[in-house]
Amino acid sequence: MNTRYEILFEPVQIGPVVAPNRFYQVPHASGMTEANPRVRAAFRGTKAEGGWGVVSTGAVSTHPSSDDSPLPFARLWDENDVRSHALSCEAIHEHGALAAIELWHGGGAVMNRTSRIAPYSPSGIPWAATHVGFMGNLRPRIMDKKDIRDVIDWQVAAALRAKRAGFDIVYIYAGMGYLGYQFLLEEYNHRTDEYGGSVKNRVRFVNELIEATKDAVGDTCAVALRISLEELRRKKSPHYESEAHEVVSLMSDTPDLWDVKMDSSPTDCGASRFRPEGAHEAVIDFVKQVTQKPVVGVGRFTSPDTMVSQIKRGVLDLIGGARPSIADPFLPNKIKEGREDEIRECIGCNICISSWHDGVPVRCTQNATAGEEWRRNWHPEKFSKADSEDKVLIIGGGPAGLEAGLIAARRGYEVTIADKNSELGGRLLYESKLPGLSNWARVQDYRLYALRQMANVNLYPESELGVDDILGLEHQRIAIATGANWTRALYSSLEIPKGQMNQENVYTPDDLAAGIVPEGPILVYDFDNYYLGGVIAEALAREGKEVSYATPAGHASAWTIMTNEQPFIHQTLDKFNIEITTQALLNSFDGSRAVLSNIFTAKQVDQAANSIVIVGLRLPNDGLYHELMKHTDDFDSAGIKSIDRVGDVLAPGALVHAVHSGHQYARDLDQGNASLYLRDIPIAEHPPSEII
Ligand code: ADP
Ligand code: SF4
């Protein structure tokens with residue numbers, strides 16, 4: 001280990017327990033519930049194995065009145081849930097780490113869609129979501145004194161269950177719009193009793209939750225407070241620098257640990273496109289000066305030097321990691337072993353967060369094994385040995401080809417990767433140079449760095465391969481990873497394909513990647529709905545072009561609401577004076593004007609445009625594959641045993657799909673039906689519980 005980093009491996013006392021080092025996997029959503037307890041245990045246990053000293057659950061509901069369905073939230077409501085979480089504790093303890101549980105009551109921010117219990121809130125004010133996916137139409141009840149006592153009793157009951165399950169650290173949650181947070185903020189808390197009004201009164205509910213939890217389990221478990229400080233820090237306080245200072249001062253040594261964060265998912269888990277590493281510091285930097293208790297915070301930390309600096313400058317005691325721990329569960333061990341160059345750094349794309357919004361277990365662009373540890377038996381650092389002497393030829397060095405090559409090489413196969421481009425990286429060579437996306441280059445940088453260290457790997461840029469080359473190269477396993485092409489296809493108002501717009505000056509992202517500079521004014525027409533349309537519009541505007549943006553969706557880059565980017569994309573387009581037209585179909589283009597029509601009313605508008613960039617449908621670049629498959633009779637004599645398509649050439653998708661596809665290909669080589677996965681089932685040792 002580099003001696004500079006030794007400080008990261010010091011133990012830290014947290015109440016009655018000791019964290020073995022300063023690496024703290026803070027609570028983060030995993031989309032893994034009591035429906036998949038083994039998947040969850042293996043996911044969390046792998047992080048403990050990788051050196052995280054504390055490993056936490058995501059939010060765990062204390063009671064059915066905190067019901068976030070259809071989002072995939074976890075519960076600790078009865079003995080089956082205790083057993084289910086115990087599996088995670090056992091997996092975490094096996095590697096000497098502490099297990100933490102984020103007990104959670106959503107209050108007026110949840111809709112209790114399954115339990116149908118009227119949601120709880122201090123003053124009847126709900127979270128007002130502006131996106132349809134998160135909207136609901138039930139407004140919360142106003143809690144009376146009995147409701148307050150009930151919520152505290154449920155927290156205590158859940159804390160006792162958590163202790164039985166084996167947890168070492170038990171949380172009170174007062175962040176991100178949930179119940180404790182609603183009591184803290186005057187906008188949500190209009191109460192005139194002892195729980196409302198002054199900051200001292202608004203803190204009372206959270207304080208009581210902490211005290212009651214400490215009384216119940218504090219002899220053996222640490223009691224942590226997770227709190228959002230962004231909005232409180234903006235508020236003036238007569239006797240303190242801000243209300244955030246006042247709140248932390250009033251409770252300063254009550255919890256055993258302060259876990260401090262921002263208020264909303266887009267600012268707390270900011271995408272790298274808009275938030276750098278360590279972006280929380282400006283909000284949470286004061287906490288350590290106000291408390292004697294240890295402080296943990298996040299900031300998408302992947303650089304050990306930044307981590308050391310956070311500790312030495314007195315900002316944090318424990319380095320919190322959510323996304324960095326998903327992208328590389330072995331980040332701490334790599335630092336400990338002097339292998340920090342091998343860290344698979346999070347790129348800040350927030351696909352992991354989109355998994356939660358999609359209602360499924362976590363997926364990660366950088367780490368294809370996330371969520372696959374148990375069901376597919378994929379370990380991030382261990383690979384089964386190659387079962388043959390076969391040589392693997394991969395055609396295409398994009399994310400899919402690089403991942404396939406790396407994993408096959410780690411298994412011990414001799415691997416050749418050929419790409420027609422002068423550099424390897426595929427679509428990322430262009431995309432990671434677009435505004436805000438430089439961190440995304442980590443996808444190819446991590447893989448190329450690793451591949452270049454290996455003696456059984458040959459990398460051939462500037463090598464466009466055709467059928468004869470492939471038949472003559474004496475490789476037994478052929479992976480075609482030639483990617484996909486953007487098309488000029490359009491769709492009708494019924495969302496039915498309606499042919500291509502093939503005239504001059506109509507371009508796709510592939511044309512821009514090849515160096516074409518469209519003549520302005522330029523209309524970017526986007527029904528891909530992910531990042532690329534918006535970021536291309538931004539890039540063209542930054543180059544001084546007059547740009548407009550249109551989409552059939554209701555928002556610019558509409559799907560990026562899933563990755564927490566959408567509000568900032570909208571702000572950015574606005575900043576560059578890019579006119580946004582939503583609900584728009586592209587009807588025609590005469591070289592100087594595009595005609596758009598409203599998708600619902602068919603009302604037409606003209607848009608000045610000398611060029612159009614269509615960011616819409618991608619189709620596989622599979623010509624080589626099909627050409628090759630015409631020569632199946634020659635495969636035996638060429639020694640070819642298998643030909644597979646990997647990544648976008650099989651099914652065009654986001655980077656996360658390409659990397660997973662490449663990984664799966666290499667894991668499955670010589671393994672028969674290995675791509676099948678085990679289906680997890682809930683634990684049901686006890687009879688169904690009564691919900692009161
Ligand atoms: P994916 O996301 O599936 O990895 P990409 O489009 O990012 O797909 O990468 C595909 C890569 O395949 C590109 O780098 C491209 O240059 C390369 N490629 C396409 N056809 C050939 C070919 N015939 N020979 C070599 N490389 C090719
Ligand atoms: Fe990081 Fe993206 Fe992986 Fe999330 S999905 S952990 S943001 S690389």
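In sorting lining residues, Ala, Val, Leu, Ile, Met, Phe, Trp, Tyr, Cys and Pro count as nonpolar, Asp, Glu, Lys and Arg as charged, and the others, Gly among them, as polar. This is a predicted model, in which local features need pLDDT of at least 70, side-chain atom pairs count only at pLDDT 80 or more, and totals for chains, interfaces and linings use all residues. Residues are numbered from 1 along each chain as its sequence is written, and side-chain values use heavy atoms, with hydrogens and water left out.

**Cavities**
- There are 4 cavities of 30 Å³ or more in the structure.
- A cavity is a set of points, on a 1 Å grid over the protein atoms alone, where a 1.4 Å probe fits but cannot get out; lining residues have an atom within 4 Å of a point.
- Points are joined across faces, edges and corners, and the volume is the space filled by probe spheres set on them.

**Largest cavity**
- Its volume is about 100 Å³.
- Of the 13 residues in its lining, C346, I347, C349, C352 and C364 lie nearest the centre.
- The most comes from α12, with 3 residues.
- The lining comprises 8 nonpolar, 4 polar and 1 charged residues.

**Second largest cavity**
- This cavity has a volume of about 80 Å³.
- Its lining includes W104, H105, Y173 and F205.
- At least two lining residues come from each of β6 (98-104), α3 (145-165), β9 (169-174), α4 (179-184) and α5 (199-217).
- The lining holds 8 nonpolar, 4 polar and no charged residues.

Terms used: Chains are lettered from A and ligands numbered from 1 in the order in which they are written. On a 1 Å grid over the protein atoms alone, a cavity is a set of points where a 1.4 Å probe fits but cannot get out, and a pocket is an open set with protein on both sides within 12 Å along at least five of seven lines; lining residues have an atom within 4 Å of a point. Helices (H or I, at least four residues) and strands (E, at least two) are DSSP runs, numbered from the N terminus.
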